[in-house]
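Thanks, everyone. Let me put the model up, and then we'll walk through it.

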Amino acid sequence: MAKGYVVEPDVGFVRELQELGGDTLKKCYQCATCSVVCPISPENKPFPRKEMIWAQWGLKDKLICNPDIWLCHNCNDCSAYCPRGAKPGEVLAAARNYSFQYYAWPKFLGKALANKKSLPWLFAVPAAIFLFLIFLGYGKTGAEPGKIVFSKFLPVLYIDAVFIPTALFAIIAFALGLKRFLTDMNGGTMPPVGAMVKSLKNVLPVILRHDKFKECTENKNRYWGHLGILYGFLGLLIVTGLVFVMMDVFHMEDPFSLINPVKILANLSALALIGGLVVVLYNRWKTRETSGLGTYYDWLFLLVLLGVALTGIFAELMRLAGIGALAYLCYYLHLICVFFLFAYAPFSKFAHLAYRTTAMAYADYIGRELPVEESEVEEKSSEEESSKE
Amino acid sequence: MEKKIGVYICTGCGIGESLDIDKLSEIATGEYNVPLCKTHPFLCGKEGIQVIKDDIEKEGVNAVVIMGCSPRVNYDVFKFPNVVVERGNIREQVVWSHPANDEDTQMMAEDYTRMTIVKTEKCELPEPHKEDISKDILVIGGGISGITAALEAANAGYKVVLVEKEKELGGFAAKCFKQLPTKDPYQELEEPIIATKINEVKANDNVKIYTGATVEKIEGAPGLFDVTIKSNGSSSTEKIGAIVLATGWKPYDASKLEKLGYGSPNVITNVEMEELAAKGKIVRPSDGKEVKSIAFIQCAGQRDEEHLPYCSGVCCLVSLKQAKYLRAQDPDAKAFIFYKDMRTLGLYENFYKTCQDDEGIFLTKGEVVSVNADEGGATVVVEDTLIGEKIEVNVDLVVLATGMVPSTKDEAILNLEYRQGPGLPELELFYGYADSNFICFPYETRRTGIYAAGAVRQPLNIAACMEDATGAALKAIQCVEMTSRGEAVHPRAGDISFADFFMQRCTQCKRCTEECPFGAINEDEQANPLYNPTRCRRCAVCMGACPERIISFKNYSVDMIGSMIKAIEVPDEYEEKPRILVLACENDAYPAIDMAGINRMEYSAYVRVIPLRCLGSTNIIWIADALSKGIDGILLLGCKYGDDYQCHFIKGSELANYRMEKVQETLDRLVLESERVRLLEIAITDYDKIPGIINEFLEKIEELGPNPYKGF
C-alpha cells in the first residue's frame with residue numbers, strides 16, 4: 001500500500017498562530033473563494049486556500065517554509081469575500097509573523113518582539129543607552145548658548161558608536177535568518193547564489209514599481225500608502241548615509257541649510273513617509289470589519305515608523321523655533337525610535353522587506369508562475385492567431 | 001329523493017356583460033324544465049344568498065345549481081344544509097378566458113349550464129358512514145419518537161397504547177452519552193432528554209405501556225382496529241383508532257465494512273463509540289489505554305451503491321459530537337474527520353462552526369484508501385484530501401460513521417391483515433423508509449390511519465424525531481376525530497361520501513382490491529371485495545378501475561360524469577366547430593385552468609372541462625361515450641407520476657396512464673386515430689402553459705379532421 005505524507009498536527013502551533021493574529025483561522029471551510037478572488041495568486045496551486053488548511057491542521061513545516069505566504073501582499077480581497085469570516089489575509093499575516101520568530105537569531109529577541117509584555121524593555125534599552133551617552137558627553141562638546149546644535153548635544157561619534165554595531169548586528173541576524181529561510185524553502189539545501197541574484201534582479205523592479213499592490217481591489221489606496229512609506233523610508237536612509245559621509249568624512253557642521261539638497265530630500269522623504277503611514281493606518285481602521293484590524297506586529301511597526309518620522313520632524317521644527325528643551329527631547333525620542341527600528345528589524349515586521357523580497361526571488365527562481373495579465377493573454381492569443389495565419 | 005332544482009345565474013364579475021343570460025335561463029327552464037331559474041348581480045353577497053335561502057325554505061328547492069364562479073372559491077358561502085349544491089364554472093373558465101359576446105363563448109356557457117344541471121339531477125346527498133369507534137391511539141416503538149408521540153396524544157386527552165420490543169423504553173436515544181443541541185444557538189451539547197421523557201410517559205395515566213412486546217397482527221380499519229399484542233409469551237387485544245409507527249432504525253451491518261478495517265482491534269462504529277463514551281473514559285478497546293487520537297471515517301458504507309446508497313443525514317453531526325467527547329476528555333487530544341461532504345442540516349451549521357473552531361478537530365474531505373489496525377492503534381491512509389496530497393495518520397481509535405437502516409426494511413412490523421400485504425407498500429423511492437411523499441405529506445403512509453414518525457420515516461436526529469412525533473400524533477388524533485364523524489382524512493379531508501358497491505354485478509376481477517392505492521378493500525374467499533369505509537380516501541380510483549362500473553359515490557359516479565359528457569352539444573361537422581373534452585384532476589390541473597382564467601389568458605372556446613377527484617378515477621367508458629358522440633379529442637390532465645410523483649392519491653395518475661393502453665383498444669375498435677386522446681402531466685404552477693397545451697392539442701385535432709361519428 002502506497003503510503004502518504006504522515007500528518008502530525010501541532011495543536012500548539014495552531015494556538016500560536018491564533019495568538020499572532022490568525023484567531024479566525026479555524027473558521028475556514030475550504031470553499032476556495034479566497035484563491036479565486038485573489039488578484040495576485042498563481043494559477044497553479046493558488047494561495048491562500050491551501051495555507052488555510054495547513055494552518056488549521058497545525059502543519060508548521062508546510063506552512064512556514066512556503067514562499068506563497070510571502071507572495072501574498074495582504075490586499076485582503078480574500079478576507080472581504082470570505083463567506084465564513086475566516087480572514088485568510090490575516091491568517092497569512094500571522095504565518096509571516098510566526099516566521100519572524102521562527103527564523104530569528106537570537107531566538108530570545110524573536111520571542112520578545114512577539115510579546116506585548118516585553119515592549120517596555122525593548123524601549124528601555126535604547127532609552128538607557130542614549131541617556132547614558134548624553135550624560136557622558138554633557139558639557140564637553142561646547143555648545144554655544146542660544147544656538148541649538150544636535151551634534152553638540154550628542155556628538156556624532158557617540159551616535160556612530162551605537163548605530164554602526166547595531167547595523168552590523170541587524171545585518172548578521174538577517175543573513176542568518178534568511179539563510180535558514182532559503183534552505184527551508186529549497187528543501188534543505190541553499191539554492192545557488194548566482195541564480196538567486198539573477199532572480200532578485202527580476203523581482204526588484206516589480207517591488208519598486210509596486211506592481212502587486214496595484215492589482216489589489218479591496219484596499220486600492222494602500223498602493224499609495226505603501227509607496228509613500230517605502231520611498232520615504234529609502235529617501236531617509238539615503239539622507240542618513242549622506243549625512244554620515246558629510247559629517248564624519250568631510251567634517252561639515254550641522255545644522256544644514258533648509259535649501260541644502262540633502263535637507264530638501266530629508267524633508268520631502270519625511271513627508272512622504274508620514275503621508276504613506278496616514279493612508280495605511282486610516283485604511284486599516286476603515287476596513288477593520290471586512291479585512292480585520294491587523295496584527296500587533298503591523299501596528300507596532302507602523303507606529304514606530306510614525307514615531308521616527310514625527311520625532312524627526314518635530315525635532316527640526318523645535319530647533320527652527322528655537323525651543324531648545326523640546327528640540328533636544330524630540331531628538332532623544334527620535335534616536336530611541338530609530339534604534340528600535342533598526343536593532344529589532346530582523347524580528348519585527350520590518351523584516352518583511354527582506355523575507356518577502358527573498359521569497360519573491362525564490363519564487364522567480366523555481367518558476368512559480370504568477371497570474372497572467374488579461375491584456376497579456378489577449379496579446380498572446382492574438383499573436384497565436386496571427387502566427388496561424 | 002325527489003329533487004326540486006333551482007338554477008341561479010350570477011351576473012357579477014363580468015358574466016352579465018359577456019353572455020346572453022336570457023339564453024342560459026331558457027336552457028334551464030326550456031330544455032331541462034327546471035322549475036326555478038333566477039339571475040342575480042351579486043349572488044355570493046348577503047342578498048343573493050338570501051334569495052337562494054328563501055327558495056329553499058318557501059319553494060321547497062332541495063338542489064341548487066350555481067352558475068358563476070369556480071367551485072374552488074366561495075364553497076363556504078354556497079353551502080346549504082341538506083341541499084345538493086352544484087357549481088357551473090362560467091367565470092374563470094368562460095368569461096375570464098374567452099372573448100365577450102362571442103358565439104363560441106356563449107355556446108361554452110350554455111354547455112356548462114347543461115352539464116351542471118344534468119350532474120345535479122344525478123347527484124344524491126351523501127350521508128356519513130358512522131360506526132362506534134375507538135379513539136385510542138397505538139404507538140409502536142418506545143424510543144424518543146414513540147414516547148414523544150405517546151405523550152403528545154395522552155396530554156391531548158387520548159388513551160394511548162405504547163408497544164416497545166425491548167425490555168426497557170428509550171431506544172437509541174437512551175444509549176447516547178450526550179445529545180446534539182436542540183435549541184438556539186445550537187452550539188453546545190446537551191444532557192440527553194430521554195430519561196425525563198421515560199419518567200413522564202411512565203407516570204402518565206393515559207398511557208398503557210407494553211415492554212418486551214411486539215404487534216402480532218392488526219385487523220380492521222381506522223377507528224376499528226383490532227390489535228393483537230404479544231408480550232412475554234401471552235397475547236392481548238386492544239381496540240385502536242389510529243396508529244403511530246415509530247419503530248426507528250437499526251445500524252447498518254458493520255461486518256460488511258471489512259475494507260474500512262471493521263473487525264480489527266480498535267476499529268468501532270459510531271454506535272459502539274457512543275456506548276464507549278457513555279461508560280466513562282474513552283479508552284482503547286484493545287488495551288484500555290486512554291485514547292489520544294481518533295479518526296472518524298464518514299459515510300462508512302453509505303452513499304455507496306454496494307452498501308447504503310443514501311445519506312443518513314445525522315452521521316456528520318454524530319461524529320462532530322463524538323469528537324467533542326474526546327476533546328472534552330483531553331485538551332491535547334486530536335480528532336480527525338474524513339468526510340465526503342460535511343452535511344449538517346439547518347441550524348446545525350452553528351454546531352459545525354463551533355466544532356470547526358476547536359483547534360483539536362481536524363477536518364478534511366477525502367477518500368479513505370486503507371485502514372490498518374492492530375492492538376497498538378491504527379493507520380489510516382486518505383487520498384484526494386484538501387491538504388493537497390495523500391496523507392497518513394496514526395491514531396489510537398478509528399470510528400466508522402455507519403448509517404441508519406429503517407426498522408421496516410426487512411420486517412413488516414405492523415403485520416396488517418390487509419389484502420395488499422402485512423406492511424406498508426414499498427414505493428421503491430425511499431429505500432425501505434416508511435415515507436410517502438416528503439414534499440407534500442409528512443407522516444402520511446399509504447395505509448389510512450397509520451402515521452410514520454421519526455427515523456422509520458427518514459433518517460433524523462433526536463430533535464427532529466420529537467418534532468416529527470408531535471406531527472404524527474396530531475395526524476392520528478385528526479384521524480380518529482374525523483373518522484368518528486364519518487369524514488375522510490387527507491387529502492379529501494371532511495368528505496362524507498363513500499363508495500357504494502353494487503355487488504350483484506361484481507365479477508370478482510379483483511381490479512379494485514389490487515389498484516386501491518390505500519389498500520382499503522379486502523377480499524373474502526370468493527374474491528368478493530370487502531370495502532372498509534374508514535380506510536377509504538374517496539379518490540374513486542376503484543371507480544375508474546371497475547370494468548363493470550358497479551362502484552359509485554352518491555355525489556360522484558360513472559353515470560354522473562357520463563351524463564355530463566352526453567349533455568355537451570356537438571355541432572355537426574359542417575359548422576367546423578370541433579369539441580375537445582378535458583378531464584382535469586381537481587387537485588392541480590383544474591386549479592391551473594382556473595388560474596389561467598384569473599390571469600385573463602385566452603384559450604380555445606371549443607373545450608369543455610370536467611373536474612375529476614383524481615385522474616385515476618377515469619373510467620374508460622367515458623372516453624368511449626365521448627368519442628362515439630362525436631367529440632373530436634380528449635385531453636386528460638393529471639398530476640406528475642413516477643419517482644417524484646405529485647399525485648395526491650399516490651398512484652392515481654400513474655394508473656390513469658396505465659389504462660391508456662385500454663383506451664387504445666377503444667380507439668382501435670372505433671377505427672379512430674390514437675392522437676385523439678392524450679394524457680398530460682401538469683402541476684398547479686403550470687397555469688401559464690394551459691393555453692399552449694389546449695391550443696396545440698386543438699391544432700392537432702383539426703389536422704386529423706372531424707370525428708366521423710358526429711351526428712350518429
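First, a term: two residues are in contact if their C-beta atoms, placed from the backbone, lie within 7 Å. With that, take chain B. Among its contacts between residues at least 6 apart in sequence, 71% join residues at least 24 apart.

Ground rules next. This is a predicted model: local features need pLDDT of at least 70, side-chain atom pairs count only at pLDDT 80 or more, and totals for chains, interfaces and linings use all residues. Residues are numbered from 1 along each chain as its sequence is written, while chains are lettered from A and ligands numbered from 1 in the order in which they are written.

Chain B in outline. Its C-alpha trace spans about 100 × 60 × 50 Å along the principal axes. It holds 18 helices and 30 strands. Those are DSSP runs numbered from the N terminus: helices are H or I with at least four residues, strands are E with at least two. Of the 712 residues in chain B, 52% are buried. Buried means 20 or more other C-beta atoms within 10 Å of the residue's own, exposed means 12 or fewer, and partly exposed is in between, with C-beta atoms placed from the backbone.

Now domains. The bounds come from an automatic or database domain assignment. Chain B gets domain 1 (1–125), domain 2 (137–248 + 407–484), domain 3 (255–394), domain 4 (500–552) and domain 5 (556–712). The centres of domain 2 and domain 3 of chain B, taken over C-alpha atoms, are 31 Å apart. Their contact takes 14 residues from domain 2 and 18 residues from domain 3. On the domain 2 side, ten are nonpolar, two polar and two charged. For the classes, Ala, Val, Leu, Ile, Met, Phe, Trp, Tyr, Cys and Pro count as nonpolar, Asp, Glu, Lys and Arg as charged, and the others, Gly among them, as polar.

On to a strand. What covers the faces of E11 (residues 242–245) of chain B? Buried residues: Ala242(B) and Val244(B) on one side, Ile243(B) and Leu245(B) on the other. Four bridges join E5 (residues 137–140) of chain B to E11(B), running parallel. Strands pair if DSSP finds at least two bridges between them. Here Ile137(B) has Ala242(B) as bridge partner. E11(B) is also joined to E22 (residues 450–452) of chain B, parallel, by three bridges. There, Ile243(B) partners Ile450(B).

Next, an open sheet of three strands in chain B. The order is E8-E9-E10, paired antiparallel. E8 (213–219) and E10 (234–240) of chain B stand at the edges, each with a single partner strand, so one side of each is left without a neighbour in the sheet. Six bridges join E8(B) to E9 (residues 225–231) of chain B. Among the partners, Lys217(B) goes with Thr228(B) in E9(B).

Last, the meeting of the chains. The contact takes 18 residues from chain B and 18 residues from chain A. Which elements of chain B give two or more residues to that side? They are helix H10 (349–357), strand E16 (361–365) and strand E19 (391–395). E19(B) gives the largest share, three residues. By class, the chain B side has six nonpolar, five polar and seven charged residues. Strand E1 (residues 5–6) of chain A runs parallel to E19(B), joined by two bridges. Val6(A) has Glu392(B) as its bridge partner.
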